[in-house]
Amino acid sequence: MTDRVVVAGAVLDQGRLLAARRSAPPELAGRWELPGGKLEPGETAQTALVRELREELGVETEPVERIPGEWPLAPGYVLQVWTARLVSGEPRPLEDHDELRWLYRHELDTVDWLDQDRPAVAEAALRLPAGAEG
């Protein structure tokens, strides 16, 4: 039995990374993550990412590149992260989140990331310009 894939988007726009604060489930509420969700049967990771970001944030995105590696989540699930470009819309916390923040590279450690997201956030940070200021 292979692990089910959960995709998350490192949404990059204007030199910033989008962080989303979980509102559910209770054990994750208040911590920050890269938004995304589970692949549906027959979906590719890229298709699932576009759909999940549309459902959770109300935006259209374009997957750019897969961040190397995958990280275990709950038993039977594994996290894969893609960088994504914002195509249209302004992100809003529609599902599973109560706050969103755009973070410059030097601000990435100002939120309490979920442990499994930290390696991908560190990798995404390498794609952000150093010294960009808000």
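I began with Pro25, which sits in the loop between β2 and β3 (32-33). Helices (H or I, at least four residues) and strands (E, at least two) are DSSP runs, numbered from the N terminus. A cis peptide bond joins Ala24 to Pro25, with omega about -10°. I noted that this is a predicted model, in which local features need pLDDT of at least 70, side-chain atom pairs count only at pLDDT 80 or more, and totals for chains, interfaces and linings use all residues. Residues are numbered from 1 along each chain as its sequence is written, and side-chain values use heavy atoms, with hydrogens and water left out.

Next I looked up positive phi values outside glycine. Gln14, in the loop between β1 and β2, has phi near 50°. Gln14 counts as exposed because its relative accessible area is 63%; the classes are buried under 20%, exposed over 50% and partly exposed in between (1.4 Å probe, protein chains only). Asp96 lies in the loop between β7 and β8, and its phi is near 70°. At 35% relative accessible area, Asp96 is partly exposed.

**Helix α1**

I checked the length of α1, residues 45-57. Buried residues of α1 include Ala48, Leu49, Arg51, Glu52 and Glu56. The buried residues of α1 pack against β1 (4-13), β2 (16-22), β4 (36-38), β5 (60-66), β7 (77-88) and β8 (97-103). After α1 comes Gly58, with a positive phi near 70°.

I then took Arg92, in the loop between β7 and β8. Its relative accessibility is 42%, so Arg92 counts as partly exposed. Arg92 and Glu56 are 36 residues apart along the chain, and their C-alpha atoms are separated by 7.8 Å. With neighbours within four places in sequence set aside, Arg92 is in contact (heavy atoms within 4.5 Å) with Glu56, Leu57, Gly58 and Leu100.

Thr61 is in strand β5. Its relative accessibility is 7%, so Thr61 counts as buried. Beyond four places in sequence, the contacts of Thr61 are Val50, Leu53, Ala84, Arg85, Leu86 and Val87.

**Cores and rings**

I looked up the nonpolar cores, defined as sets of buried Ala, Val, Leu, Ile, Met, Phe, Trp, Tyr and Cys residues joined through side-chain atoms within 4.5 Å. The largest has 21 residues, and those with the most contacts inside it are Ala10, Leu17, Leu34, Val81, Leu108 and Trp113. β1, β2, β7 and α2 (118-125) each give two or more residues to this core. Apart from it lies another core, of 18 residues, among them Leu53, Val78, Trp82 and Ala84. For Leu108, contacts beyond four places in sequence include Leu17, Trp113, Val121 and Leu128.

Around the rings I found Lys38 over the face of Tyr77, at 5.5 Å from the ring centre. The rule asks for NZ of Lys or CZ of Arg within 6 Å of the ring centre and within 35 degrees of the ring normal.

**Record**

Last, I read the UniProt record, an unreviewed entry, which annotates residues 2-127 as "domain: Nudix hydrolase". Its positions are given in the numbering used here, feature names are shortened, and annotations may be inferred rather than shown by experiment. In the model, the end C-alpha atoms of residues 2-127 lie 30 Å apart, and the span is 17% helix and 40% strand.

Technical notes: Expected span 1.5 Å × (residues − 1).
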